[in-house]
Amino acid sequence: MTGLDLLYAALALLFVVGLIGGLAILLRSSATLQDRLRHWGSGTNGRSKRRLELVETLALDARRRLVLVRCDDRDHLLLLGGHTDQVVAADTAPKETAHDRDRRAGR
């Protein structure tokens with residue numbers, strides 16, 4: 001294999017990596033475009049408050065984790081992994097913090 005063959009192989013590799021990167025950027029931008037189109041005409045301009053929020057997650061071991069999810073201002077504690085997923089605590093009102101009070105007051 002000559003030096004020219006190695007140069008062609010390196011250029012081909014860079015070309016393929018560039019194509020993969022370009023495809024990733026294109027897919028990411030199309031997902032953003034789809035999200036914007038979904039909210040177009042709803043009058044919210046894509047700024048609607050989401051109902052579901054991942055508050056916190058804690059890994060218990062290699063397979064299981066506790067996940068705290070907030071839906072409609074209610075917290076739900078889920079145990080994920082293992083053989084089945086379980087709801088540990090459901091429909092509990094979240095504890096209000098000083099940050100929540102400031103955010104609600106508009107500060």
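Author: The conversation below moves from the chain as a whole to its strands, surface and charged pairs.

Reader: Before we start, what kind of model is this, and how are the residues numbered?

Author: This is a predicted model, in which local features need pLDDT of at least 70, side-chain atom pairs count only at pLDDT 80 or more, and totals for chains, interfaces and linings use all residues. Residues are numbered from 1 along each chain as its sequence is written, and side-chain values use heavy atoms, with hydrogens and water left out.

Reader: How many helices and strands are there?

Author: The protein chain has two helices and four strands, and along the sequence they follow the pattern α-β-β-β-β-α. Helices (H or I, at least four residues) and strands (E, at least two) are DSSP runs, numbered from the N terminus.

Reader: What share of the residues is buried?

Author: Of the 107 residues in the protein chain, 5% are buried. Buried means under 20% relative accessible area, exposed means over 50%, and partly exposed lies in between (1.4 Å probe, protein chains only).

Reader: And what about contacts across the sequence?

Author: Taking the contacts between residues at least 6 apart in sequence, 2% join residues at least 24 apart. A contact means heavy atoms within 4.5 Å.

Reader: Let us turn to the strands. How do strand 1 and strand 2 pair?

Author: Strand 1 (residues 52-59) and strand 2 (residues 65-71) are antiparallel and share seven bridges; two strands count as paired if DSSP finds at least two bridges between them. A hairpin of five residues joins strand 1 to strand 2, and L58 has L66 in strand 2 as its bridge partner.

Reader: Which way does strand 3 run against strand 2?

Author: Strand 3 (residues 74-80) pairs with strand 2 in the antiparallel sense, over seven bridges. V69 stands opposite H76 in strand 3. Two residues lie between strand 2 and strand 3 in their hairpin, and D72 in that turn has a positive phi of about 55 degrees.

Reader: Does D72 do anything else, or rather, which residue forms a salt bridge with D72?

Author: D72 forms a salt bridge with R51, and their closest N and O atoms are 2.6 Å apart. A salt bridge here is a side-chain nitrogen of Lys or Arg within 4 Å of a carboxyl oxygen of Asp or Glu.

Reader: Why does that pair tie separate parts together?

Author: D72 lies in the loop between strand 2 and strand 3, whereas R51 lies in the loop between helix 1 and strand 1, so the pair ties together parts that are 21 residues apart in sequence. D72 is partly exposed at 43% relative accessibility, and R51 is exposed at 56%.

Reader: How many salt bridges does the structure hold?

Author: The structure holds four salt bridges. One of them joins the side chains of R70 and E53 (4.0 Å, N to O). This pair links distant parts of the chain, with R70 in strand 2 and E53 in strand 1, 17 residues apart.

Reader: Is R70 buried or exposed?

Author: R70 is buried, because its relative accessible area is 17%. E53 is partly exposed at 42%. The side chains of R70 and D75 are also joined by a polar contact of 2.9 Å. A polar contact is a pair of N or O atoms within 3.5 Å; within protein, one must be able to donate a hydrogen and the other to accept it, and residues adjacent in sequence count only if both atoms are side-chain atoms.

Reader: What about R64 and D61?

Author: The side chains of R64 and D61 meet in a salt bridge at 3.1 Å, N to O. R64 is partly exposed at 36%, and so is D61 at 37%.

Reader: A change of topic: where is G81, and what does G81 touch?

Author: G81 lies in the loop between strand 3 and strand 4 (86-92). Not counting residues up to four places away in sequence, G81 touches R63 and R64. G81 is partly exposed, with a relative accessible area of 22%.

Reader: Finally, which residues form the nonpolar patch on the surface?

Author: The patch is formed by L4, L7, Y8, L11 and L14, with about 540 Å² of accessible area together. Patches are made of residues with over 30% relative accessible area and no salt bridge: like charges are joined within 9 Å, and nonpolar side chains (Val, Leu, Ile, Met, Phe, Trp, Tyr) within 5 Å. Accessible areas come from the Shrake-Rupley method with a 1.4 Å probe; for residues, only the protein chains shown count as cover. Y8 lies in helix 1 (residues 3-39) and is exposed at 52% relative accessibility.
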